[in-house]
Protein chains: 2
Amino acid sequence: MILTVTLNAALDITYRTASLVPRSSHRVSEVSERPGGKGVNVARVLSDLGHETVATGFLGGRTGDDVRQLLARLSPRTVDAFVEIEGTTRRTLAVADEKSGDTTQFNEPGPVVSAAEWGAFTATYERLLDGAQAVALCGSLPPGLHVGAYAELVRLARTAGVSVLLDTSGEPLRRGVAARPDIVKPNADELAALTGSREPARAGRDARRRGARSVIASLGPDGILATTPDGSWRARPPAAARGNPTGAGDSAVAGLLSALAEGMAWPDRLRRAVALSMATVLAPAAGEFDAAAYEEVLPRVTVESAA
Amino acid sequence: MILTVTLNAALDITYRTASLVPRSSHRVSEVSERPGGKGVNVARVLSDLGHETVATGFLGGRTGDDVRQLLARLSPRTVDAFVEIEGTTRRTLAVADEKSGDTTQFNEPGPVVSAAEWGAFTATYERLLDGAQAVALCGSLPPGLHVGAYAELVRLARTAGVSVLLDTSGEPLRRGVAARPDIVKPNADELAALTGSREPARAGRDARRRGARSVIASLGPDGILATTPDGSWRARPPAAARGNPTGAGDSAVAGLLSALAEGMAWPDRLRRAVALSMATVLAPAAGEFDAAAYEEVLPRVTVESAA
């Protein structure tokens, strides 16, 4: 089983409307809703790949109920192990231009999580680690949680002997890296913010010195640079993909962890991560991947040693 | 008892955020929600004025539940007689600039109402008319309702001998006027669209010829022009009010109907409508009125014959 943690889950809403003009009134032609938060996206892809997947984190209020129901409908094999909180799960709103597809994003702050709720969560998390092959810790922290929350979860996973991947940013990433996770998956900006270097190879080595065992830097359309104890690799998609990049990084996380759980070596893990990323960009709905595109792209991903 | 009808009720959401920049991402600093739809606003003001008030219309889904709960909390004396529907009540979103207060509006289309649901509603409506002194029919029609829906409700009120006010726009207003409501309350644009004239006195007379017994044209900061069988009047606020005009027209409707129910003559009805409108513009929250401002403004509203 693979466990995903989403501490700041969301109900992702998309409005389709004519071009956005500030200070005017807009008719929304179409409303769509999906379960959101990076760890939730990772769980959906893992389930679609056939992995036994458990999703935990916090959900609360009516929007939390909406997320639960949408997750059950869209990803029926994902086990819902979310901890109920007093506060209300946040919404995110993407306003998409009907013609150009350009989106304008609004992110609510998220519910305040109490110390008692954090205690209930860590107890659930420790119970779920018993039986997990790997765990993904993904996304921002909701208000109320201490900045070292991910570091605490990394340490608990290490104590339980479960491989742990951390995908977050800013100070929670910095603290989390110091707790020695097996994998971190920053994008170029997050890696630069962590290390002070915009040169990915140098920054990857620096992030390893700070505590991460392996650093998988996602470089958008340029693929992935992996810096690991077993070597360094550069994995590249066969072509630039046009489409919606939302969730591409989460699919890469699902690719890395599923391949790890299947006992694959790094080059094959990276191949899968890049192919899933690209198949996600090509899928019409944000946060889903195009299964046919995935099968087609997978053998065409190039992986070369970057040592 | 005064009855209000809101066929396309809404959950009104306001986001406060830094200036809106299309195609960028925004952190929402504050989220507020209130029960919305013009008839709901009218009901809240009527209840605050001490009138026994019943609110009906359609509500459904989780957002419908949210509207019910918010209405019960914010206006506990308003009796909730909404008819439950299969569809989900729409949301409206106002994105307000933290500094300037400028807002950008997004309106969801609303749930499709079935013929069976419309039948259930008209049965409820006829039952509620028995015992009502007046009824306000307010706002847009949700998808699925025929364009003559308001005309049908006007005729049912007239058959029941209940004074009926219609506040809508476009074709539903045109059809509704032909069914001979006691009062219509168009703004300048709605009146011009109905009659083809932007000259309010002429347009008011034209709207009367089309079937409205009295025409109360709301002219924003310029007050009200009333064209009635008893004469014509111009009512003006003592000064231009700065603030949020959302709901000012709904407060005017509540002022007209409450004064009618109290047996007041036209000049006093208009005085109350203008004072409540202004007190609504001055209130910090959209759709509420400042009670102290209302008391202060009321004696300073000027009403003169416009015959």
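Biologist: What makes the contact of Arg198(B) and Asp189(B) a salt bridge?

Modeller: The N to O distance between their side chains is 2.8 Å. A salt bridge is a side-chain nitrogen of Lys or Arg within 4 Å of a carboxyl oxygen of Asp or Glu, so the pair qualifies. This is a predicted model, in which local features need pLDDT of at least 70 and side-chain atom pairs count only at pLDDT 80 or more, while totals for chains, interfaces and linings use all residues. Side-chain values use heavy atoms, without hydrogens and water, and residues are numbered from 1 along each chain, with chains lettered from A.

Biologist: Why is Arg198(B) called exposed?

Modeller: Its relative accessibility is 60%; exposed means over 50%, buried under 20% and partly exposed in between (1.4 Å probe, protein chains only). Therefore Arg198(B) counts as exposed, and so does Asp189(B) at 51%.

Biologist: Which residue does Glu33(A) pair with, and why is Glu33(A) called partly exposed?

Modeller: Glu33(A) forms a salt bridge with Arg91(B), with the closest N and O atoms 2.6 Å apart. The pair crosses between chains, from strand S3 of chain A to strand S7 of chain B; strands are DSSP runs (E, at least two residues), numbered from the N terminus. Glu33(A) counts as partly exposed because its relative accessibility is 30%, whereas Arg91(B), at 7%, counts as buried.

Note on methods: Helix = DSSP H or I, 4+ residues; strand = E, 2+ residues; numbered from the N terminus.
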